[in-house]
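Have the sequence and the structure open while you read along.

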Amino acid sequence: MKVIAFVRKEQGTGASRRLRNAGQTPGIVYGGSDAPVNISLDHNALYHALKKETFHSSILDLEIDGKVQKVLLRDFQVHAYKQLVLHADFQRVDAKQAIHVKVPLHFINAEIAPAVKLSGAIISHVLTELDISCLPGDLPEFVEVDLTNIEVGHSIHLADLKLPKGVSAVSQENLTIATASIPAGKVEADAPAAEAAPAADAADKK
């Protein structure tokens with residue numbers, strides 16, 4: 001994805017306020033061997049880009065005054081109640097140096113899992129994103145979590161995931177990713193029915 005930005009020479013609270021009033025968002029790009037650069041971006045374009053999942057977990061082409069550099073979105077601030085992006089931070093990336101970034105988890109095949117199909121279980125997503133390390137060229141937009149074989153009372157752990165080539169998880173723990181369980185209300189509803197069945201059988205024998 002491409003992001004257009006301009007060098008921002010004026011700094012300070014007053015300058016940032018004037019930028020926002022003019023439909024711009026102040027930001028900064030840092031990292032690598034170059035010095036940090038204060039930038040400004042079109043607010044509406046940035047606001048809509050932030051709604052896209054891939055914008056948060058992809059290598060971006062940041063164009064500043066005609067020159068393009070590879071960056072990651074590292075942070076952004078939004079207004080407490082207005083639809084207003086206050087600031088955005090981008091980090092330069094080196095193709096030869098590993099990066100540490102969070103990517104979203106995409107859960108697939110829940111509808112055919114034994115826990116759901118046979119037992120009516122609910123799949124709980126314990127994690128929705130994963131910390132990974134990889135070279136910029138290997139960065140995936142997301143990591144899939146295949147729920148095909150999950151059964152009631154069982155969980156999917158980090159060790160169960162098939163990470164893309166060149167990608168490793170940052171955590172050394174075998175984190176729980178998802179669990180399958182029967183809803184409490186359903187268990188309570190099933191219990192009286194199960195108790196009623198033996199009673200009915202006993203009545204028939206009389």
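Which residues in helix 1 (residues 13–21) are buried? I found A15, S16 and L19. I took buried as under 20% relative accessible area, exposed as over 50% and partly exposed as in between, with a 1.4 Å probe and protein chains only. Helices (H or I, at least four residues) and strands (E, at least two) are DSSP runs, numbered from the N terminus.

A note on what I am looking at: this is a predicted model, where local features need pLDDT of at least 70, side-chain atom pairs count only at pLDDT 80 or more, and totals for chains, interfaces and linings use all residues. Residues are numbered from 1 along each chain as its sequence is written, and side-chain values use heavy atoms, leaving out hydrogens and water.

**Entry 1: helix 1 and its cover**

Back to A15, S16 and L19 in helix 1, which are buried. They span an arc of only 100 degrees around the axis, so they sit on the same side of helix 1. That arc is taken from the directions from the helix axis to the C-beta atoms. On the face turned away from the buried side I noted the exposed residues T13, R18 and N21. I then looked for what covers the buried residues, and strand 2 (24–30) and strand 3 are included. Just after helix 1, G23 has a positive phi of about 85 degrees.

**Entry 2: S40**

I picked S40 in strand 3 (residues 37–42). S40 counts as buried because its relative accessibility is 8%. Setting aside residues up to four places away in sequence, S40 touches I4, A5, F6, R8, L19, Q24, T25 and P26; contact here means heavy atoms within 4.5 Å. I also checked S40 against I28: they are 12 residues apart in sequence and 8.0 Å apart in space, C-alpha to C-alpha.

**Entry 3: the whole chain**

I counted 5 helices and 13 strands in the protein chain. Of its 206 residues, 30% count as buried. Among contacts between residues at least 6 apart in sequence, 65% join residues at least 24 apart.

**Entry 4: nonpolar cores**

A nonpolar core is a set of buried Ala, Val, Leu, Ile, Met, Phe, Trp, Tyr and Cys residues joined through side-chain atoms within 4.5 Å. The largest has 26 residues, and I132, L139, V145, L147, I150, I156 and L161 touch the most other members. Strand 7 (99–108), strand 9 (129–134), strand 10 (143–146) and strand 13 (176–181) each give two or more residues to this core, and strand 7 gives the largest share, 4 residues. Apart from this core lies another one of 18 residues, among them V29, L60, A88 and F90.

**Entry 5: salt bridges**

How many salt bridges does the structure hold? I got 3, each being a side-chain nitrogen of Lys or Arg within 4 Å of a carboxyl oxygen of Asp or Glu.

- K2 pairs with E63, with the closest N and O atoms 2.7 Å apart. K2 is in strand 1 (residues 2–7) and E63 in strand 4 (residues 60–64), so the pair ties together parts 61 residues apart in sequence. K2 counts as exposed at 55% relative accessibility, whereas E63 counts as buried at 19%.
- D61 pairs with K70, with the closest N and O atoms 2.6 Å apart. D61 is partly exposed at 22%, and K70 is partly exposed at 45%.
- K102 and E129 meet at 3.8 Å, N to O. This pair links distant parts of the chain, K102 in strand 7 and E129 in strand 9, 27 residues apart.
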